[in-house]
Amino acid sequence: MSFTIALTVEEALTALARGARPIAGGSDLVVGARHGKAPLPDHLVAIDRIDSLRTVTVDDGGLAIGAGVSHDTIERHPQIAANWSALADGSALVGSPATRHVGTIGGNICNASPAMDTGAALVVLAATVELASVGGTRLVPIGELWTGPGRTAVRADELCTAVHLPSPPAASGSAYLRLEYRRAMEIAVVGAGAAVTLAPGGTVAAVRVALSAVAPTIVEVDGLPTGDLAAVGEAAAALASEQARPISDVRASDRYRRHAVGVIARRAVLAAARRAGGESIAVPVNRALGIGAAS
Amino acid sequence: MSESIVLNVNGVPYPVAIDQSRNLLSVIRTEIGLTGTKEGCDDCECGACMVLLDGRPVNSCSYLAVQAQGRTITTIEGVLEGDTMHPLQRNLLDEGGVQCGYCTPGMVMSATALLAANPSPSEEEIRIGLSGNLCRCTGYTKIVQAVQRTAAELAEPAAPAEG
Ligand SMILES: Cc1cc2nc3c(=O)[nH]c(=O)nc-3n(C[C@H](O)[C@H](O)[C@H](O)COP(=O)(O)OP(=O)(O)OC[C@H]3O[C@@H](n4cnc5c(N)ncnc54)[C@H](O)[C@@H]3O)c2cc1C
Ligand code: FES
Ligand code: FES
């Protein structure tokens with residue numbers, strides 16, 4: 001095995017072009033290898049000391065988060081909590097303080113677990129992923145990043161360098177929540193992210209919902225109506241349950257997941273709408289409203 | 001492949017020659033010989049192996065030792081003030097927050113990081129701060145009380161020096 005530390009994106013890209021795999025916090029890679037899920041790659045390049053990957057920028061164009069930004073930075077960033085709340089909700093749920101300290105957004109999306117907690121948020125917030133290689137840079141809509149469980153459209157010689165999120169329209173709010181059996185060190189039984197934009201009368205002008213842990217990848221719910229909020233919430237519940245393709249495993253049966261994801265999707269829509277209406281609900285919604293935990 | 005690296009633990013630079021796939025916990029315990037940090041699950045679940053990396057908590061069982069080079073590593077041995085217990089350690093004993101003691105080093109490390117970032121945490125914030133640390137014995141209440149008491153003590157203005 002070889003291990004090198006990159007201090008710049010260029011150094012990392014050169015290492016990738018020679019066959020190395022990136023390691024950021026290692027909270028998926030090292031833990032997975034120790035589980036015997038996949039052996040540690042023969043050649044690793046550490047990207048956690050590349051300063052340019054660790055910055056958060058907010059400007060007129062929106063939010064740019066370096067791929068190496070940790071979940072605890074996202075969770076605590078006041079502008080992310082205020083304007084891209086669903087993402088802060090997701091990062092705040094990851095593991096424990098130690099997991100959030102080492103775990104990065106780039107690692108979360110490139111690991112491509114269908115149960116990842118930032119994925120549904122990034123879909124409803126219309127994120128674009130920046131991928132760089134020695135050959136150049138390309139932008140991929142988040143919905144095209146995942147090709148299956150643990151599989152992505154990121155080429156072996158590419159590094160995810162940043163995630164871009166546009167500024168939400170006025171009167172918008174978002175939320176991500178998950179059903180969990182305990183409050184920490186948990187994996188979503190099912191999860192849902194929602195982004196809502198309200199019309200002047202308080203009805204729903206636009207809505208997006210995406211689901212975690214109910215399909216091989218994060219999936220967006222199709223065919224949501226607009227209009228009356230309660231009706232949109234009910235439609236989100238019905239469509240989420242209908243469109244989910246869950247599996248049965250030790251955590252839940254497919255039938256339970258199909259039912260539960262509808263409940264969680266409706267709650268996500270209602271929480272997002274409250275935030276869109278100007279109500280301040282602390283991050284993460286799960287803890288603030290006590291609506292995700294089974295207890 | 002074995003590599004020679006230097007790990008800075010509790011202010012002391014330790015040169016070690018280790019396989020690059022070794023985890024930080026095993027290197028701290030067997031190469032460096034500091035056995036206060038415990039191995040519980042060896043699976044990133046229990047927090048017994050918690051150390052601080054640049055002041056922030058890390059599960060050392062699941063962190064590559066080579067990735068910690070050049071960083072400041074603090075273990076339970078590093079929180080002692082000379083031969084004197086850290087107030088957190090004393091309060092854990094006084095409050096009955098220690099039974100078998102296996103989780104205690106990890107608890108102290110997580111609580112140290114929490115109090116450094118947030119000197120007056122609410123009970124909820126303490127529970128979140130310790131949420132990566134499992135205890136099979138105490139039921140947590142006394143551990144939380146020990147952290148509350150430590151926060152209160154540290155908030156009091158220092159007693160005037162004698163003489
Ligand atoms: C105890 C525990 C609890 C957890 N709880 C949760 C949870 O609640 N919710 C959740 O979503 N996740 C959870 N995770 C999973 C994990 O912590 C997150 O997915 C984290 O964001 C991974 O980031 P990392 O930097 O540690 O990734 P790494 O392990 O370093 O990398 C993961 C994968 O992504 C690749 N990669 C990393 N960065 C890049 C990049 N910039 N470009 C291209 N490829 C890259 C790596 O090569 C590797 O294949 C948990 C993990 C543990 C150990
Ligand atoms: S020994 Fe590391 S988390 Fe249990
Ligand atoms: S005191 Fe025994 S595990 Fe905590």
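This is a predicted model: local features need pLDDT of at least 70, side-chain atom pairs count only at pLDDT 80 or more; totals for chains, interfaces and linings use all residues.
Q: Which element gives the largest share of the lining of the largest cavity?
A: Two elements give two or more residues each to this lining: α6 (97–102) of chain A and β4 of chain B. The largest share is 3 residues, and the element that supplies them is α6(A).

Q: How much space lies in the largest cavity?
A: The structure holds 1 cavity of 30 Å³ or more. Residues of both chains line the largest cavity, among them S27(A), T99(A), V58(B) and N59(B). The space in the largest cavity is about 70 Å³.

Q: Which residues that line the second largest pocket are the closest to its centre?
A: The second largest pocket holds about 580 Å³ of space. It is lined by 23 residues, and the closest to its centre are E75(A), R76(A), R100(A), L114(B) and I128(B).

Q: How do the residues of the lining of the second largest pocket divide by class?
A: In chain A, the elements that give two or more residues to this lining are α3 (71–76), α6 and α11. In chain B they are β4, α3 (104–117) and α4. By class, the lining residues divide into 10 nonpolar, 5 polar and 8 charged.

Q: Which three residues supply 23% of the area that chain B buries against chain A?
A: The contact takes 30 residues from chain B and 28 residues from chain A. The area buried between the two chains is about 2,300 Å², and carbon and sulfur atoms give 52% of it. The share of 23% on the side of chain B, more than any other three residues supply, comes from R56(B), L64(B) and Q67(B).

Q: Which element gives the largest share of the side of chain B that touches chain A?
A: Between chain B and chain A there are 9 residue pairs in polar contact. Elements of chain B that give two or more residues to this side are β3 (50–53), β4 (56–59) and α4 (123–129). The largest share, 4 residues, comes from β4(B).

Q: What is the distance between the closest N and O atoms in the salt bridge of R71(B) with D48(A)?
A: R71(B) is in the loop between β4 and β5 (72–74) of chain B, and D48(A) is in the loop between β3 (43–46) and β4 (56–59) of chain A, so the pair crosses between chains. The closest N and O atoms of R71(B) and D48(A) are apart by 3.0 Å.

Q: Which residue of chain A meets E45(B) in a salt bridge?
A: Over all chains the structure holds 26 salt bridges, and the count between chain B and chain A is 5. In one of these, the N to O distance is 3.7 Å, and the side chain that meets E45(B) is that of R182(A).

Q: What is the omega of the peptide bond from V283(A) to P284(A)?
A: Most peptide bonds are trans. P284(A) lies in the loop between α10 (254–276) and α11 (285–289) of chain A. The bond from V283(A) to P284(A) is cis, with omega near -5°.

Q: What is the phi of A126(A)?
A: Most residues other than glycine have a negative phi. A126(A) lies in the loop between α8 (119–124) and β6 (128–133) of chain A. A126(A) is a residue other than glycine with a positive phi, near 60°.

Notes: Residues are numbered from 1 along each chain as its sequence is written. Chains are lettered from A and ligands numbered from 1 in the order in which they are written. Side-chain values use heavy atoms; hydrogens and water are left out. Contact means heavy atoms within 4.5 Å. Buried area is the accessible area (1.4 Å probe) that two parts lose on being put together, summed over both. A salt bridge is a side-chain nitrogen of Lys or Arg within 4 Å of a carboxyl oxygen of Asp or Glu. A polar contact is a pair of N or O atoms within 3.5 Å; within protein, one must be able to donate a hydrogen and the other to accept it, and residues adjacent in sequence count only if both atoms are side-chain atoms. On a 1 Å grid over the protein atoms alone, a cavity is a set of points where a 1.4 Å probe fits but cannot get out, and a pocket is an open set with protein on both sides within 12 Å along at least five of seven lines; lining residues have an atom within 4 Å of a point. Grid points are joined across faces, edges and corners, and a volume is the space filled by probe spheres set on the points. Ala, Val, Leu, Ile, Met, Phe, Trp, Tyr, Cys and Pro count as nonpolar, Asp, Glu, Lys and Arg as charged, and the others, Gly among them, as polar.
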